[in-house]
Amino acid sequence: MIKAIIINIAIIISYLFIIGQFSRAIHEGKHYHKIFSRLKTQVSAGLLFAALGVILLAFPIPVTTEVTVDLSLIAIVIAALFFSAPAAIVSALFIALSSMAIVGSTSGIGFVGIGVVCALLVTIPLKPVRQAALIIIVTGSVAAWYLAQPLEVSLTFWLLTIIIAFISYYVCDYIFDLNKAYFERKKANEKLQELVLAHEEMEARLQEANSKLLKMANIDGLTGIANRRSFNDTLEKETKRMKREKKVLSLLMIDIDNFKAFNDTYGHQEGDYCLQSVANEIKGNLQRPSDFVARYGGEEFAVILPGLSENKAAVVAEKIRSSIEELEIPNVHAEAKSIVTISVGVATMDEDINSEQLVKLADRALYEAKERGRNQVCQSELTLMHTS
């Protein structure tokens, strides 16, 4: 008998865990009284537990040498407790039909009666554990009475039914708690993933905003080249680097000739176009990645040429001056030609000159270029490179 009892318990627990996997798909973490409120789901559950009852019919427990009992009613009890009254009725009907087909008698009528009792008791509003105790004890008592066997057999069956039914109840409740925890964890992970994605998106937007702010802080809005602030930072950095590497560094200071008069005559829109054209032309004449151009202020531009001597820097300056002249932007105020021209001052840093002094030398050379008639390049030693 003990072996048969162990087999029945193993069958019930295994089957409950299998059903638990099926119920997980429709569980979604809610309490089972709410989950299985749909009739279709209840009927499906009743059929599943009817299958368990049929399996238990095939593994009867020998109480004596002549009398055997089965635990099929436990399937009906669990169906009622966890899947409501319709599940109990459906499972009871199918177990009854199977019992009559196997045993060949009217024994199945008892299962129908147990199904009806379970269906009625499950409607009583009690706490789950109390409701389970009520249904298990009542159905066990009804089944033991229905056997109409000697008291010893009925009592043994009653005790087996109650003990194994309670074990089955707590196993099933545990499985439902596992399912609930699974979905709660799943939802928590999904929420966490949403938070991570939102954080990453916010981080990306923040980086993009910082990048735009940095660009706004370092780029001249009109010409699209570096501004005065960026020029100061770059010149200081390049000055230190060139001194560390014991190389020269040249600086060009560029000014558009007669720009104020040009702006007054042609208007601010044409003035902006002129500034943009000059900026693009200067940038287009710089070939090396290390060369740096910035709008120094107003109509004045600055070019940093790391590693270039003053003479080589003057050649670059002349190319820029010539290319601006070739744009042939009309300017009636030009002194030599009626087009926009520029003046350029060139200075080169040595070991004794810092960045501030370099700017002053280039400014002085630019002033000399203007004094000499504009549209020309002057080096800091006041060596004239070109006069138009």
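Predicted model: local features only at pLDDT ≥ 70, side-chain atom pairs only at ≥ 80, totals over all residues.
**The nonpolar patch**

Leu39, Val43, Leu47, Ile89, Leu93, Phe94, Val112, Val116 and Leu120 together make a nonpolar surface patch of about 730 Å². Take Val116 as an example from the patch. Val116 sits in helix H5, and its relative accessibility is 38%, so this valine counts as partly exposed. The cut-offs behind that label are under 20% for buried and over 50% for exposed, with partly exposed in between.

Now for strand S6, which covers residues 342-349. How many of its eight residues are buried? Eight of the eight are, so by the under 20% cut-off the strand is mostly covered. You can see this on both faces: Ile342, Val344, Val346 and Thr348 are buried on one side, while Ser343, Gly345, Ala347 and Met349 are buried on the other.

S6 pairs with strand S3 (residues 249-256) in the antiparallel sense, with eight bridges joining them. If you want a spot to look at, Leu251 has Ala347 in S6 as its bridge partner. S6 also pairs with strand S7 (residues 376-379), this time in the parallel sense and over three bridges. Here, Val344 has Val377 in S7 as its bridge partner.

What handedness does the β-α-β unit made by S6, helix H12 (residues 355-371) and S7 have? The unit is left-handed.

Asn258 and Arg374 each have a positive phi although neither is a glycine. Here are their values:

| Residue | Phi |
|---|---|
| Asn258 | near 55 degrees |
| Arg374 | near 70 degrees |

Where are they in the chain? Asn258 lies in the loop between S3 and helix H9 (259-266). Arg374 is in the loop between H12 and S7, and H12 and S7 are both parts of the left-handed unit described above. Is Arg374 buried, exposed or partly exposed? Its relative accessibility is 22%, so Arg374 counts as partly exposed; the cut-off for buried is under 20%.

Note on methods. Residues numbered from 1 in each chain as written. Heavy atoms only, no water. Patch = residues over 30% accessible without salt bridge, like charges linked within 9 Å, V, L, I, M, F, W, Y side chains within 5 Å. Areas by Shrake-Rupley, 256 points an atom, 1.4 Å probe, with all protein chains shown as cover. Salt bridge = Lys/Arg side-chain N within 4 Å of Asp/Glu carboxyl O. Helix = DSSP H or I, 4+ residues; strand = E, 2+ residues; numbered from the N terminus. Buried < 20%, exposed > 50% of the residue type's maximum accessible area, 1.4 Å probe, protein only. Pairing = 2+ DSSP bridges. Right-handed = clockwise from strand over helix to strand, strands pointing away.
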